[in-house]
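This report takes the two chains in turn and then looks at where they touch. Please keep the model open while reading.

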Amino acid sequence: MSPIISATGVGKTFRQLKRQSGFGGALKSLFSRDYTDIRAVDGISFAINAGEAVGYLGPNGAGKSTMIKMMTGILTPSAGTLSVLGREPHAHRMTNAAEIGVVFGQRSQLWWDLPVRDSFDLNRHIYDIPPARFADNLRYLTAMLDMASYLDRPVRQLSLGQRMRAEIAMALLHDPKILFLDEPTIGLDVVAKDAVRKFLAEINRERGTTIILTTHDLVDIEEICPRLIMVDDGKLLFDGELNRLRASLGSRRRLTLEFATDPGPIALTTATLTADEGAAKHFVLDDETVSLLDVLGELGRGHGLKDVKLEEPDIEEVIRTFYLNKPNLASAP
Amino acid sequence: MSSILRVIPHLVGIHIRTHMEYRGALLIGWIAQAIGYAGIYASIALLLARFENLGGWTWPQMALLLAFHLLAYALGAAVSFVQFRDMEEKVRLGTFDAILVKPIGPWTFLAFSGLNIEYGGHIALAIGLMVWSVSSLSIDWSPGLVLYFLAALISAAMLTAALMTMIGATALIWVRSRHLFAIYFGFWELARYPLNIFPLPLQVMMITVAPLGFLAFIPTAVMLGKPVPILGDFAPLASLLVGPLFVLIAMAHWRHCLRNYQGAGG
């Protein structure tokens, strides 16, 4: 089966004017136009098959949105070759747009002052959706996303969760082969996030819609995407099954031991000391199989232990640590 | 092409429905715009009452010039001004990206989904002033002149939309483009007056790099049989060609900017 999306050495470089500090610098830059090349995406390669659900993960500025913009035809790659549904997205932007759906978590495509139904209806004309198919899809999406109660209400009166469900429904009305979602759960409460995640997983499973999702939220990935692509500084860090990554993530849990008074140096075989603040000592657990009981057992009594805190690492830290420790890990799925 | 034509009424319709959500604001906007322009025209009329003519143009002739200026501007700006003035925000906030992921030309989407019916006040005032001025002037309305009037009006409206498009498109590369609108409106103000009252370098500018002399003065002078500086007998044809010519230039500029669009931020 040939991939539905294929990226080979894709890069995107933005040319940025060199700015100098101060008033003198501002004046100088009026006459000297020095530019710096910023590599937002740097030689990324991957292939995605039809029906896959892929999480595209990375910290702010990692190049996630730039990659999505290239795959949706908004931006032209500066290097490499990118093919979506067998064509170059930027060169065939409109044809590509007819076969994909795009949801931006932070910018709405709905008409703010009008009922949700009006935005859907406009899309029916823009995407030239046959009336019967439109009616079927609207019925299905309304039921699945529980939108019946607000379909005729102006968008400005909807909650963020309701609006996001409407955005997702609008992106699916024309039966796109690929659904791109750029941080679809950002700002949503727990219940709304759960509804969105369950629906996306279902649409991928039941309808076979390929899903490409960017997010900061690991739970999005966990519930929707079996496959993960991790990037940082525009480079590919990891491409593979989520379970494979989880093993790496587990080893990065952080442990803080707080003592009544400074017990002096503490050495553990199950954890590495990262910071010593006297009465508070910070460790990183080396292995995901190590439990808190193992650590406490090794520590033993008599140190005046007051409190223990075990934290899952946040995603940005995980990616950064991952990048520093395993720069050449990128692998095919 | 047929699919685009089929979508346009729906784009216009959804925009009008949006405006109708705030009917009071729309009506007050129309009245405010008409009063604003009427005030400017009253001050020009007062000046002419004192000096009798301006560069050889009497008040009824000036009224025709002003009416043509306003009507051509309103027709062109309705599909372009607000839409392209706001390109900066569209680029900065990423809403332009959301247009690029639709299977429709972004110019078509922008122009018609933002068709500005707030120009109703401009158009009503311009038509009223034009009817009054034409009834006060002894113009020989031959079929040829009627055709010329309509074609010159369309050409001037096309020129307006083309210039607005070019300025707005610049935001796709520079992110900022509003300052260019300030320059445009500087020349636009001058275009309310007969070209011959300005020094020669400004006259040359107003028919070349900032061709707003074609917005009203040149077509009105042709209709009234008045001499047109620099262009002379070429003025009638030039006033008909300038709109389509600038539309072609604007299309090339728009495509260039679109090809080199970089977005702004994530």
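A residue counts as buried if 20 or more other C-beta atoms lie within 10 Å of its own, and as exposed if 12 or fewer do. The model under study is predicted.

**Helix α2 of chain B**

How many of the 29 residues of α2(B) are buried? The number is 1, so α2(B) lies largely in the open. This helix covers residues 23-51 of chain B. From first C-alpha to last it reaches 42 Å, close to the 42 Å expected at 1.5 Å a residue. Just after α2(B) comes E52(B), with a positive phi of about 70 degrees.

**Annotated spans of chain B**

An unreviewed UniProt entry places the feature "transmembrane region" at residues 25-49, 61-82, 119-139, 145-175, 196-222 and 234-254 of chain B.

| Span | Distance between end C-alpha atoms | Helix | Strand |
|---|---|---|---|
| Residues 61-82 of chain B | 30 Å | 91% helix | 0% strand |
| Residues 196-222 of chain B | 14 Å | 52% helix | 0% strand |

**The sheet of chain A**

Chain A holds an open sheet of 6 strands. Its order is β5-β6-β7-β3-β8-β9, and the pairing is mixed. Which strands stand at the edges? They are β5 (100-104) and β9 (235-241) of chain A. Each has a single partner strand, so one side of each is left without a neighbour in the sheet. On average, neighbouring strands of this sheet are turned by 15 degrees against each other, direction ignored.

Within the sheet, β3 (residues 53-57) and β7 (residues 210-215) of chain A run parallel. They are joined by 5 bridges. A53(A) stands opposite I211(A) in β7(A).

A helix packs on this sheet: α6 (residues 160-172) of chain A. It touches β5 and β6 (178-182) of chain A. The direction of α6(A) makes about 165 degrees with that of β5(A).

**Where the chains touch**

The contact between the chains involves 21 residues of chain B and 24 residues of chain A. On the side of chain B, α1 (2-20) and α6 (95-100) are the elements that give two or more residues. Which of them gives the largest share? It is α1(B), with 7 residues.

What is the make-up of the side of chain B that touches chain A? Its residues divide into 8 nonpolar, 8 polar and 5 charged.

Definitions and conventions: Residues are numbered from 1 along each chain as its sequence is written. Chains are lettered from A and ligands numbered from 1 in the order in which they are written. This is a predicted model: local features need pLDDT of at least 70, side-chain atom pairs count only at pLDDT 80 or more; totals for chains, interfaces and linings use all residues. Two residues are in contact if their C-beta atoms, placed from the backbone, lie within 7 Å. Helices (H or I, at least four residues) and strands (E, at least two) are DSSP runs, numbered from the N terminus. Ala, Val, Leu, Ile, Met, Phe, Trp, Tyr, Cys and Pro count as nonpolar, Asp, Glu, Lys and Arg as charged, and the others, Gly among them, as polar. UniProt positions are given in the numbering used here, feature names are shortened, and annotations may be inferred rather than shown by experiment. The expected span of a helix is 1.5 Å times one less than its number of residues. Two strands pair if DSSP finds at least two bridges between them. Axes are lines fitted to C-alpha atoms, for helices over the stretch in contact, and angles run from 0 to 180 degrees between N-to-C directions.
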